[in-house]
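Keep the structure open beside you as you read.

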Amino acid sequence: MKAESLLEEIKSKIDIVDFISDYVQLKKSGQNYKGLCPFHSEKTPSFMVSQSKQIFHCFGCGIGGDVVRFLMKHENLSFNEATRYIAKKAGIKIREFRFDKNLSERRERILQINREAMKFFIKNLNGSEAAKTYLKNRGIEEASIDSFCIGYATDEMDGLIEYLKKMGYSDSFIKDAGLAVSSASGGEKGYRDVFRGRIIFPIFNYQHDVIAFGGRVISDSLPKYLNSPETEVFKKGDTLFALNLAKEDIRKKGYAIIVEGYLDVIVCYQYGFKNTVAPLGTALTSRQLQRLKLMTEKVVLVFDSDEAGISAARRSLAILCGCDFRARVLLLPEGEDPDSFLRKKGSQPFKRMLSGAMSIIEFLLNTSSASGGGDRIDTVREALGMISGMRDLIIADELLGELADRSRINESVLRSELKKIKKKAGPNSLEGFGLVRAAKNKEEYLLVSAIIALPEKAEYVLSRLNIEDLKDETIKSLLKKIKALGDKLNMRSLLDEADDQERTLITGLSLNPGFDLEHVDRNIDDCLQTLAQKRFDERRRLAEESGDIALLNSLLKEKRKLLKGQTYERIP
Ligand SMILES: [Zn+2]
C-alpha cells in the first residue's frame, strides 16, 4: 500500500475528538469542541477541535493541525512514531512500514537498542544472587521487579557492549544511544559500559518505550545514582520517572505524589500509593510538569525534613507555582525518605501524613529559619514572588489570603507589593499571537480563509491575484502551495504540504474564517477590490515620489477602470 493511502486510512479510522479527549477535557461548543490548551498555560479555553474538519487549533498559542500533528507535538514524537502509534490505536498493522525515513529511523533504532539492553539487564538480575539479595533487603517485591522491569548491570567492563555488538550494533551507535562511554584508560577497545555493578531502573516515556536507564550501586562506591546521558530520545528535564505507570492512579485519585528517588517511587507503589512519580535526579522542571498537568493540577511533594530536603522543596515549589499547580508539602521526620518511612511504619501513618501535608504558605513560614531562608519578611517576599508567577488568579488569590492570615501582614499591603513584583516581570508574550499581523493584512487573510473553507474558490481567487504583490509572507507561501496543489487541494493535502506557520494559519482560519460563509462570493470580491485599490495607491505614491508623469497618467486610466468596477483584471 502506498504511504499516502495508508495514511488516509489511518486518519479515517481515528476521530480527532475521541483521540484528543484522552489528553484534554473537551466540551461541545457550537459546532466544535473546546478545552484548555495542553501546549500553553491558560484558564479560559482557547483550544478548539473540529470534528467535521478533523483538525485542532489553539487561538492562544497558535498551534494547530491534524491528529498526527497533535500527537507529535504532545509527545515530542517524530512523524513516523506518531503515525505508528495512531495506526496501532486504529488497529492497523504497519510494523514494516516507514512513513518518513530520515526523521525517525535513528530514534526507532535507539529505542530498539534500549529494549535489547533492558532484556540484557533483566537476564543479569536473574543470574545474580548478590543483586537479588540487595533488592530483597531493600524490601522490593518480585511483582515490583516485574512492573518496573528492574535489572542488573554486572561488574564486567563491556558485557553489554559485547552483547549488543553480537546483535549487529556498532560501537559508535551504542555510544550514541547512551549505553557506552569512551574508555578513559584508553584500552585497546576504546569503549566501556556506562552502567557497571548497578541495579538498573529503566526509564520509560509515556508510551512505555525505554528511553534511558538509571542505575544504583549495590556497594559503597560512588556515585550512588547514575543516569544515562542525554540522547536523541532522552532529555532529563522532560521525563518523570514512573509516570507511565502512575498516570491512571493520578487521574483516579486526583493528585500526584512527587518523591525524590527511584526506590521511593517503587516502595510507594508497593504500599498502594501508585500515583507517585519522581524527577530524574534533577530539580523539577516546567517541562516535566506540563505533562503531569494533563492529569492533575494537585501535587504533594514528599521530602526529608533535613536542610537539603527543605531547600529542594523550596526550589520545587517555585517551579510548581510557575506552572499553576496547587502544591502541598509533606516533610518526613529527619533522616527518613518515603522508602524507609513506609517500610518502618506502613501505609496508614503515611496516608495520615499525606492528608495533613502543609500548604505552600505554611511550609515557607514554618521552615524559614530552618533552611537559612532568612527572616520572616524575606519569607513573605519569597512567597509573594511565587504567587506573582501564577497565572491562575483564583489560586493566587487564595494563597495571598492565606499569606496575610499567617504572616499577620495586612492583605492590601501584600496586594500592592504583589502588583509591583508583577509589573517588573512584564506581560506574557505568548498572548495575542498572530492577531496583529492578521489585522494589518486583513484582506489577504480573508481570501486565504475563503479558499480554505471552499477550495473550489481557489481558481477564481488565484486568477485575479498576483501573489507577489501580497504583503504577508506566510500568506504568499501558502497561496503558492495552494496553486501548486491545483485540483488536489483539500484540507488534508494542504496540511501535509504546510510548514508550522502555514499550518497555524490553516487550522486557525478554518475554525474562525472571519466572515460569514453565506456571503462568501461578495466577501471575496470585496477583498480583491480592496487589495487592488491598495496596490494602486502604493504605485501612485511611488510614481509621485519619482515624478514619473507618464506613469501617473496611465495609473489615472486604471483608476477609472477601477471605479467602473472592473477591478479584477490582473494589474501588471
Ligand atoms: Zn495553546
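How many of the twelve residues of H21 are buried? In this predicted model, ten of the twelve are, so H21 is largely enclosed by the rest of the structure. The buried residues are Glu443, Glu444, Tyr445, Leu446, Leu447, Val448, Ser449, Ala450, Ile451 and Ile452.

**The chain as a whole**

The chain has 572 residues, of which 37% count as buried. Its secondary structure comes to 27 helices and 16 strands. Along the principal axes, the C-alpha atoms fill a box of roughly 95 × 70 × 45 Å.

The domain assignment divides the chain into domain 1 (3-90), domain 2 (104-234), domain 3 (243-425) and domain 4 (435-564). The centres of domain 3 and domain 4, taken over C-alpha atoms, are separated by 52 Å.

**Two helix pairs**

Two packed helices are described by the angle between their axes and the distance between the axes. The table gives these values for two pairs.

| Helix pair | Residues | Axis distance | Angle |
|---|---|---|---|
| H3 and H4 | 67-75 and 79-90 | within 9 Å | roughly 115° |
| H21 and H26 | 442-453 and 520-546 | 9 Å | about 145° |

H21 and H26 cross in a left-handed sense. On the H21 side, the residues that meet H26 are Glu443, Leu446, Leu447 and Ala450. Their partners in H26 are Val520, Asn523, Ile524, Cys527, Thr530 and Leu531. Sorted by class, this contact holds seven nonpolar residues, two polar and one charged. As for its length, H21 reaches 16 Å from its first C-alpha to its last, close to the 16 Å expected at 1.5 Å a residue.

For H3 and H4, the crossing is right-handed. Val67, Val68, Leu71 and Met72 of H3 come up against Phe79, Ala82, Thr83, Tyr85 and Ile86 of H4. This contact is made of eight nonpolar residues and one polar, with no charged residue.

**A closer look at H4**

H4 has twelve residues, and its first and last C-alpha atoms are 16 Å apart, close to the 16 Å expected at 1.5 Å a residue. Which residues of H4 are buried? They are Asn80, Glu81, Ala82, Thr83, Arg84, Ile86 and Ala87. After H4 comes glycine 91, which has a positive phi, near 80°.

**A glycine between two strands**

Our last stop is a loop. Glycine 197 sits between strand E8 (191-193) and strand E9 (198-204). Is this residue buried, exposed or partly exposed? Glycine 197 is partly exposed, because 17 other C-beta atoms lie within 10 Å, and a residue counts as buried at 20 or more and as exposed at 12 or fewer.

Which residues does glycine 197 contact, leaving aside its neighbours within four places in sequence? Its partners are Ala153, Thr154 and Asp155, together with Val217, Ile218 and Ser219. Glutamate 142 lies 55 residues from glycine 197 in sequence, and their C-alpha atoms are 20 Å apart in space.

Notes:
Residues numbered from 1 in each chain as written. Predicted model: local features only at pLDDT ≥ 70, side-chain atom pairs only at ≥ 80, totals over all residues. Helix = DSSP H or I, 4+ residues; strand = E, 2+ residues; numbered from the N terminus. Axes fitted to C-alpha atoms, helices over the stretch in contact; angles between N-to-C directions. Left-handed = near helix turned anticlockwise from the far one by under 90°. Contact = placed C-beta atoms within 7 Å. Nonpolar A, V, L, I, M, F, W, Y, C, P; charged D, E, K, R; others polar. Domains from an automatic or database assignment. Expected span 1.5 Å × (residues − 1).
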